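Please work through the following exercises with the sequence and the model at hand.

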Amino acid sequence: MIAMKKLFLLLSLLPTLLLAQPGRLSWDLTFGGGQNDIFYRVIELTNGNIVSVGETNSRTEGGSDAYLVITDYSTGGKVAEKRYGGNKDDRITDVVQTFDGHLMLAGYTESSGLGKGDAWLVKTDERGEVIWKKDFGSTGEDAFISLALLPDGSVLAAGYKDGGRNGDIWLANIREQEIIWEKQLGRGNFEPIKRMALMSDGGVVLVGNSQKSSLGDRGQVYVLRTRPDGEQSWVKLFGDRDWEEVSDVIVTKDGGLAFCGLTTSKGAGGMDMWVSKISSGGFLQWDQTYGGKDDDLAMTLSESPDGQLVVAGGTKSHRSGARQYSAFLVQIDAGGVRQWEYPYGDNKEDMANDLNFLHDGSLVMAGYTESKGNGGKAPWLVRWENEKQFGSVAGGKQSGLEASQTRLHTVDGQLKPNDRTYLSFTLNNVTGADLHDIKVQVDRRKTVSGLTFWETNYLTSLPDGGQREIRIPVIAESGLATGESELGVSVMVGNTQVQQFTTKIKSKMPIAAGVEFADYQFEESKTSDIQTLTVVIRNPGDFIAQPVSVIFDLPDGLEPVGSRIVNLQRIAPNGSEKARLQFKRNATLRAPSMSITCTVTFNGQKFTKTLDKALMTNNEVVMILTKPNPNKTDIKNIISEGNIYSIQMGVSTPVPVQQQHFTVYRNNQALDGSKMDEVDLYPGDNSRGGNQYVYEANVRLEPGENRVQVKVKLADGEFASSTMVIYYQPRQPNLHVLAIGPSHNDLKFTAKDATDFANAFDSQSGQHKLFGQVIVHKLVTSEETEADRIREAVADLVYQYRNPAAAQRILRNDVLLLFISSHGKNGEGGFLLLPSNYDPRYERTRTIDYQRDIVQELEKIDCKKVIFIDACHSGAADSKSMSDVARADALTKLAAMHPGMSTLTSCRSNELSYEDARWQNGAFTEAILEGFANKACMDENGAFQADLDNNSIITLGELYDFLRRRVPNLIKTQKPNATTNQTPFMPENQLQRDDLSLFVVGEN
């Protein structure tokens, strides 16, 4: 401390320095073990803890180890200290917090991997405990230097690969441990990057030094901006007559950029701190130097809550003849004008490597110090408190902070044991004032056991008119209980509460697959003495139940018509399937009732239920729905596209009845439709005795839920039918089809594949079909299927979704089908489709990158989407009409399906796809057309067709099951010498969407 006092005395005698402090010193801490340990990067977690990363040579496994320290922002108290590595050199150069509160660390390792050194990612929990470690790269030297968290939750890592052999800059987009895409930028133009910053559009800016060989003897700085897909947007060079280096870059609050480093081209002498401000387009707005007559350098910069810049690094200008750097901080305003500067250190070398403003406006600096610690370089962390009062809503209205609905980020919106996720909502600031020091406090109102979450979550600032997504990490322990938790959420600005609401989280302990009897129904035929028993078997579990066997045992007097054994292939989680038995009575049945025993076998267990039906007595009224048919329709969940819904039922009464004895009830209100000729009653088949009638009614629906019931009033009382629940939704979805068939010399039928696929949907619109309109676009000529034209066609789909005035607008409940028949190949960045103008010399521009050009574009469209790919590389048959009931069932499932994307490819990644002149199509397309025609096919396992449940509707799941049998069978029988098999493939996580209805079989 004596040396420090002497330093302050010397500084007070230097008139050239505008001395001030960043604020009141809160704490000054060193860590490590005395063997040259360094912090490179420091961030604040949203729970208020500070994470510092770097490398250590103290107490390592060998060489240097990656080093992490977590401290409390207020006290500086150490929360955790971790070392990662092996018997060689390892280091961490950057860190980000993931949405669920974990840490992602990026750096370099020599202790594992393929080459001399490999790029390295380490994922830990919020206390630094390793979740996984993964090395990336080549047999050469690779490293990750900078890291950014993208809006979709994946990370973007920047560094170099294979020593820069195939590009100076390596960008890799990574989700968990898998590379989604990667890019190599520059070729002998750039030195390795120093730092990366994320732009608001999802692109990034990278900074570093240009190669001296490309610019003579001058050293200049490059600023390179990319698009969200990693492709270079622009690059600008900055510098002067001598030498410049860059160390850091940030995105400023005005949307522009600021970078810092050193220059020898100008300034007060030697090396000087250099800061440049440029626009988002890369145009220089100002650049300034700071420091004294000796060497000064900038390592990092940060922007304060009120828009000031603070740059930090080291200086030798603090004392005449100084041989060691002292840490040096300079504050400048938005125009680059120096406000104050502050050397901080002691009598040895001290350096600031990183700087960040915390949520309360205080400032934390990380680097190394030789003046303190246990010898050598010690990791150094310093915090200065903010002296300005930012935490208020002065000048604004407290009611102007708006919060959106909360969302729990899980597949089904429920929390399950061992889940680690986050709860999110958006804050919209319309207070009329910038807000700082924001805290989101979450408290337990009523919670189940095993649920934890971050109770305190900080946000640095939110400008007036700005939005910010708040993410609260949520952790489910292994013992999480099933139930509903209620949380209270309070948003504080400083000490003022400006928003409060409650939210709920549903949690569920997964239930093993099982079977249970859900319902059963007897139905008599109007045209024969055959009766049908329909049993609904439900799977209450969260896993698929398969296979399930149902056996019916009949008493004397009843005999089965057909098999009494029904095999159900699978019952979806929380789903149900129907097993049907047809039977008839014979003369030996004398009992007043009949009982059929149903035994269900699953997973080695048997469940038995006796199903009874009383035979008609003289006082019984029987009403059996025939339209809709409850055997094909869930009458509790019918969707109607019109405001009038027709019902029909067979009625058997002990005495003659007339039309006025019947009344239709909607939502418990009697409807008098007789004046409008909306009901009818006429005699039925009376050959079996009794009074048989057919009753028809047109029920007028109200928007929303309509609970419909028919009642018959006789002298002995009133008898009621079962209740139907009908939802009136006026609009049918539209179907949008984009079919693409690029021409290639060695493929003959790609254009025909696309044409046939598109033409198959010509008859799929109208009142009695699934879709209101079918809008088809075909790209089949050489000019239409060039790479840019295909990208434009996909972009036009996005335009049709986003533009309210678009002529062929895509709406949220519509369905979009994309069909591509072409060559496919596995490229370095993933799967590629080849357009008609494919040229291997220009692979980046003359191919269609499936992930970038198709998936990422279609993800911008919020509707149901299916992609059919006949890569490398289809019939009329029995047609059936689809009843209104079956269509309503399909539309119900269509409307209930969550927006998403399913991809159905013609083969697996290690297989080839085939075409043949006998088909005039690719095998995949040929089979699709056969499926749509519901063609009856045969293979070694017997007969099969696409419409598995015979409801005249082909769903995505039915089509997928059909294709997986039919395509291999086509190849086996008609191309026995094929090099590989061909089995269509859909990713496992997309199979949950197999209720998506695609096609109506038949002509009605």
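This is a predicted model: local features need pLDDT of at least 70, side-chain atom pairs count only at pLDDT 80 or more; totals for chains, interfaces and linings use all residues.

Residues are numbered from 1 along each chain as its sequence is written, and side-chain values use heavy atoms, with hydrogens and water left out.

**Exercise 1.** Determine where F31 is found and whether F31 counts as buried or exposed.

Solution. Begin with the location: F31 belongs to the loop between β1 (24–30) and β2 (38–44). Strands (E, at least two residues) and helices (H or I, at least four) are DSSP runs, numbered from the N terminus. Next, F31 counts as buried because its relative accessibility is 11%; buried means under 20% relative accessible area, exposed over 50%, and partly exposed in between (1.4 Å probe, protein chains only). Finally, beyond its neighbours within four places in sequence, F31 has contacts (heavy atoms within 4.5 Å) that include F39, Y67, A378 and L381.

**Exercise 2.** Identify the buried residues of helix α2 and the elements they pack against.

Solution. In α2 (residues 750–759), the buried residues are T750, D753, A754, D756, F757 and A758. These residues pack against several elements, among them β57 (735–740), β58 (774–779) and α6 (923–932).

**Exercise 3.** Describe how β61 pairs with β60 and with β62.

Solution. Two strands pair if DSSP finds at least two bridges between them. First, β60 (824–827) and β61 (830–833) are antiparallel, with 4 bridges; here N826 lies opposite F831.
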